[in-house]
Amino acid sequence: MANQQDITQSLVRTPLYQLGAELKARFTSFGGWEMPVQFAGISKEHEAVRTAAGMFDISHMGKFTLQGKHLMEQLQRLVPSDLNRLQPGQAQYTVLLNPQGGIIDDIIVYYQGKDATGVQQAAIVVNASTTAKDKAWLLQELDLNQVEFQDLSPEKVLIAVQGPKAVKYLQALVKEDLQPIKAFGHLQATVLDKPAFIARTGYTGEDGFEVMVDPDVGIELWQKLYKAGVTPCGLGARDTLRLEAAMALYGQDIDDTTTPLEAGLSWLVHLDTKGDFIGREVLAQQKADGVQKRLIGLQMSGRNIARHGYPVVSAGKVVGEITSGTLSPTLGYPIALAYVPTTLAKVGEQLEVEIRGKTYPGVVVKRPFYRSKNRVTS
């Protein structure tokens with residue numbers, strides 16, 4: 001059996017790893033990477049993002065660039081969302097689907113427009129744990145005679161600056177005006193006098209940006225943001241923040257056995273405005289017949305925290321399973337996501353969760369659990 005040192009040595013580190021180590025961050029294994037789980041503490045980091053600004057090293061995420069004269073037409077086949085709606089400088093959160101309508105991964109497609117010769121350009125950011133799988137799927141399904149695919153994952157640093165004061169802190173280091181950028185807008189920019197890609201996207205439910213730069217620029221950017229007062233944050237706060245905003249975590253809340261309609265992502269499915277795509281028949285049938293299960297938001301009573309994998313009970317029978325759960329730092333009570341039969345998915349439905357052999361009450365509530373007043377619109 002491999003010891004802990006062997007396991008740690010087998011993990012990949014981002015170019016910002018040493019900066020985290022110098023700040024005495026606690027590290028954990030995530031998707032094959034050694035990533036900071038917390039710096040000063042999850043609650044403090046969570047509060048910083050909700051009230052001021054926090055920054056996350058998300059360099060472990062997959063980063064692809066694609067170009068081709070018929071690029072968007074080819075990408076249309078792979079997702080249920082109508083990418084033809086995108087104008088240059090706009091992005092779409094969507095999902096890659098398998099033929100069964102299951103979610104291969106949730107991704108963001110950033111459309112960058114056409115060059116002088118009519119070649120379309122786009123970037124795609126994917127989850128760290130599915131980067132290899134997603135890359136293989138894209139290379140299999142795209143016509144590589146027409147599409148040029150480049151994997152920037154190992155070459156680029158990605159830093160998320162999130163919170164109501166994110167614009168203030170980041171603007172001091174960026175040449176271009178960030179204020180006019182709308183939600184899911186993006187641009188090629190200049191950070192610390194070097195080329196950068198900046199998008200007004202994130203995974204916290206707050207306003208903020210994700211900045212992709214070369215490693216040396218990323219190291220300097222992190223250091224300058226830290227000196228300016230931006231709070232370093234780890235995966236722990238990232239998880240509590242995204243859960244309050246009811247954002248799905250791939251591998252827990254969604255996977256290749258769940259469809260976007262079951263996962264409450266019907267707003268990504270544009271059956272009426274686009275043609276054929278992988279998984280369309282399954283989704284069309286589900287829309288016609290109704291889904292058998294749904295992902296719900298659950299508010300637990302007292303301080304009883306429903307964790308991933310805990311059984312959901314109704315009328316004494318197990319009817320579902322918790323996918324994510326935590327004690328919400330902002331709201332002060334336990335929240336969770338779970339799949340249950342559609343008949344039990346109505347807001348106000350009383351359910352129970354089995355925790356260490358005993359059942360505790362919870363109620364189905366609207367998602368998201370928390371909605372920031374600071375979010376910009378698209």
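Predicted model: local features only at pLDDT ≥ 70, side-chain atom pairs only at ≥ 80, totals over all residues.
View 1. Lys135 forms a salt bridge with Asp151, and the closest N and O atoms of the two residues are 3.3 Å apart. Because Lys135 belongs to helix H5 and Asp151 to strand S8, the pair ties together parts that are 16 residues apart in sequence. Helix H5, which covers residues 131–141, lies across S4, S5, strand S6 (103–114), strand S7 (120–126) and S8, and runs at about 15 degrees to S4.

**View 2. The open sheet of 5 strands.** The strands of this sheet follow the order S5-S6-S7-S4-S8, with antiparallel pairing. Strand S5 (90–97) and strand S8 (148–151) stand at the edges with a single partner strand each, so one side of each is left without a neighbour in the sheet. From one strand to the next, the twist averages 25 degrees. Strand S4 (residues 62–68) and S8 run antiparallel and are joined by 4 bridges, and in this part of the sheet Gln67 stands opposite Glu148 in S8.

View 3. The structure holds 5 aromatic pairs, among them the one formed by Phe39 and Trp222, which is tilted, with 6.3 Å from centre to centre and 40 degrees between the planes. This pair links distant parts of the chain, since Phe39 is in the loop between S2 and H3 whereas Trp222 is in helix H7 (residues 215–228), 183 residues apart. Phe39 and Trp222 are both buried. Phe64 and Phe149 also form a tilted aromatic pair, at 4.9 Å centre to centre and with 45 degrees between the planes. Phe64 lies in strand S4 and Phe149 in strand S8, so this pair ties together parts that are 85 residues apart in sequence. Phe64 is buried, with a relative accessible area of 1%, and Phe149, at 17% relative accessibility, also counts as buried.

View 4. The buried residues of helix H3 (residues 42–51) are Glu45, His46, Ala48, Val49 and Arg50, and they pack against strand S2 (33–38), strand S3 (54–57), strand S9 (157–162), strand S13 (231–233) and helix H8 (235–244). Of the 9 salt bridges found in the whole structure, one is formed by Arg50 with Glu206, the closest N and O atoms being 3.2 Å apart. Here, too, distant parts of the chain are linked, with Arg50 in helix H3 and Glu206 in the loop between strand S11 (194–199) and strand S12 (208–213), 156 residues apart. Both Arg50 and Glu206 are buried, and together with Glu244 they are linked in a network of salt bridges. Asp207 forms a salt bridge with Arg200, the closest N and O atoms being 2.8 Å apart, and both of these residues are buried.

View 5. Thr14 is placed in the loop between helix H1 (4–10) and helix H2 (17–22), and it is buried, with a relative accessible area of 6%. Apart from its neighbours within four places in sequence, Thr14 is in contact with Trp33, Met35, Asp57, Ser59 and His60. Arg13 lies over the face of Tyr17, at 3.9 Å from the ring centre. In a further arrangement, the charged end of Lys293 sits over the ring of Tyr339, 4.9 Å from its centre.

Methods
Residues numbered from 1 in each chain as written. Heavy atoms only, no water. Pairing = 2+ DSSP bridges. Helix = DSSP H or I, 4+ residues; strand = E, 2+ residues; numbered from the N terminus. Axes fitted to C-alpha atoms, helices over the stretch in contact; angles between N-to-C directions. Contact = heavy atoms within 4.5 Å. Buried < 20%, exposed > 50% of the residue type's maximum accessible area, 1.4 Å probe, protein only. Phe/Tyr/Trp six-rings, centres within 6.5 Å; stacked < 30°, edge-to-face > 60°. Lys NZ or Arg CZ within 6 Å of the ring centre and 35° of its normal. Salt bridge = Lys/Arg side-chain N within 4 Å of Asp/Glu carboxyl O.
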